[in-house]
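Keep the structure open while reading.

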Amino acid sequence: MQLPESFIETTRKTMGEELFSQYMASFDEPAPVSIRINPYKNAELDSVLTENTQDVPWCEYGKYLSLRPNFTFDPLLHAGCYYVQEASSMFIAQIMRQYVEGDVTMLDLCAAPGGKSTCARSYLSDKSWLICNEPIRNRANILYENITKFGTPNTIVTNNYPADFRKTKLKFDVILADVPCSGEGMFRKDAATIAEWSPQNVEKCSRLQREIVEDIWPCLADGGLLIYSTCTFNTKEDEENVRWICENLGAECLSVPIKPEWNIVGSLLDGFKEPVYRFIPGHAKGEGIFCCVMRKSSNEKGKVKHPTMSDLAALRLMTPDVLAKASSVVDALKVDFMSGNQATAELTYEQAIAYLRRESIVLPSETPRGMIAVTHHGQPLGFVKNVGNRANNLYPQPWAIKTTHISSLI
């Protein structure tokens, strides 16, 4: 793989020869395949979990797979029983376990496609609130799909820019800012990011990242946590931005417990010794991720209220019917058929794939007429309207399997 010479020069200097050699050697090895199990859904995942499955050490729900299945053709993926996520990104679990407790209000500011949001949600209390935001509309649609399938209460998807949140007067106990970056850490996984890289783009991203954090900073409660992360290696977007946040906005860096065998690297910026955490492919078992946890300086942490209807009125919600609900708070993403009040029909594997392609299916003759929740291995996939001789498919068109290829999970 041909990497830009300026990237090679800068990254070798940043990492040092030993780490850089390990990183370059990683391009000759297959990237690890990993998933994260949804703890809210009691599903048997024998189709993807084998005897060779290994635990992701920093996330109790994370699993390394020995091979990459054809995930598209696994109905349980579409049911939200697990999420395909590279292991380094699951480090959010270690942060949540260490610092987040009780009932909190959390914002994932740049959340698409939803991996870090669903990971964080797994470690929040049931009464905690999570707002998952994505500024880019088409990416927000993907985020909404993944959050909906994950199926947790008190979770909202929004489509706003950081400055929009000031209008809501909301304060958050925790803000996760997985900011847009130059993508150096994804070179092995996504070759397209290599063509987009340039020193000029690094500088542009660094400035944008500071603007994003500065815009959202007033929405972080005194004593609240900012989790800053990128998928890049250079210190301009990583350590230098962390230092800028501390010096200009009033934050202190917090340490996260790690183990030596995880091979997580600390600061690579000369003279900067604050606790930061960097995953380097070939050294750690995952892709390139950088993160730092910071606390907004304050003598004491104030109580943050949960969002109300009026708080949310200024936000662009991905569920347009939400504001019509007559309740003091919004539970936008509770999946209707999880309530247990809906008639259900179990689908075979072949029927499930047909359903996920939005094809018509025929249910057993004894199935009631009307709205039916269809399941596979007991896990809800969506709805059909059973009219007797056929069942009209109500699976959302944007979520449908597009390929006409006939396949199976393996």
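**Helix α9: burial and length**

The buried residues of α9 are E239, N241, V242, W244, I245 and L249. The model is a predicted one.

- Twelve residues make up α9, and at 1.5 Å a residue they should span 16 Å. The end C-alpha atoms of α9 are 16 Å apart, so the span agrees with expectation.

**α8 against α9**

- Helix α8 covers residues 199-216 and helix α9 covers residues 239-250. Their axes come within 11 Å. The crossing angle is roughly 35°.
- The crossing of α8 past α9 is right-handed.
- On the α8 side, the contact uses S206, Q209, R210, V213 and E214. On the α9 side, E240, N241, W244, I245 and L249 meet them.
- By class, this contact of α8 with α9 holds four nonpolar, three polar and three charged residues.
- N241, W244, I245 and L249 belong to the α9 side of this contact, and these residues are also among the buried ones of α9.

**Helix α6**

- Helix α6 runs over residues 137-150, 14 residues in total. From first C-alpha to last, α6 reaches 20 Å. That is close to the 20 Å expected at 1.5 Å a residue.
- Buried in α6 are A140, L143, E145, N146, I147, T148, K149 and F150.
- These buried residues pack against helices α3 (75-78) and α5 (115-121). They also pack against strands β1 (33-37), β4 (82-84), β6 (129-133) and β7 (155-158).

**α1 against α2**

- Helix α1 spans residues 5-15, and helix α2 spans residues 17-25. Their axes come within 6 Å and cross at roughly 130°.
- That angle makes α1 oblique to α2.
- α1 passes α2 in a right-handed crossing.
- From α1, the residues in contact are F7, I8, T11, R12 and M15. From α2, they are E17, L19, F20 and Y23.
- The residues of this α1 and α2 contact divide into six nonpolar, one polar and two charged.

Technical notes: Residues numbered from 1 in each chain as written. Predicted model: local features only at pLDDT ≥ 70, side-chain atom pairs only at ≥ 80, totals over all residues. Heavy atoms only, no water. Axes fitted to C-alpha atoms, helices over the stretch in contact; angles between N-to-C directions. Helix = DSSP H or I, 4+ residues; strand = E, 2+ residues; numbered from the N terminus. Left-handed = near helix turned anticlockwise from the far one by under 90°. Contact = heavy atoms within 4.5 Å. Nonpolar A, V, L, I, M, F, W, Y, C, P; charged D, E, K, R; others polar. Parallel < 35°, antiparallel > 145°, perpendicular 65-115°, else oblique. Expected span 1.5 Å × (residues − 1). Buried < 20%, exposed > 50% of the residue type's maximum accessible area, 1.4 Å probe, protein only.
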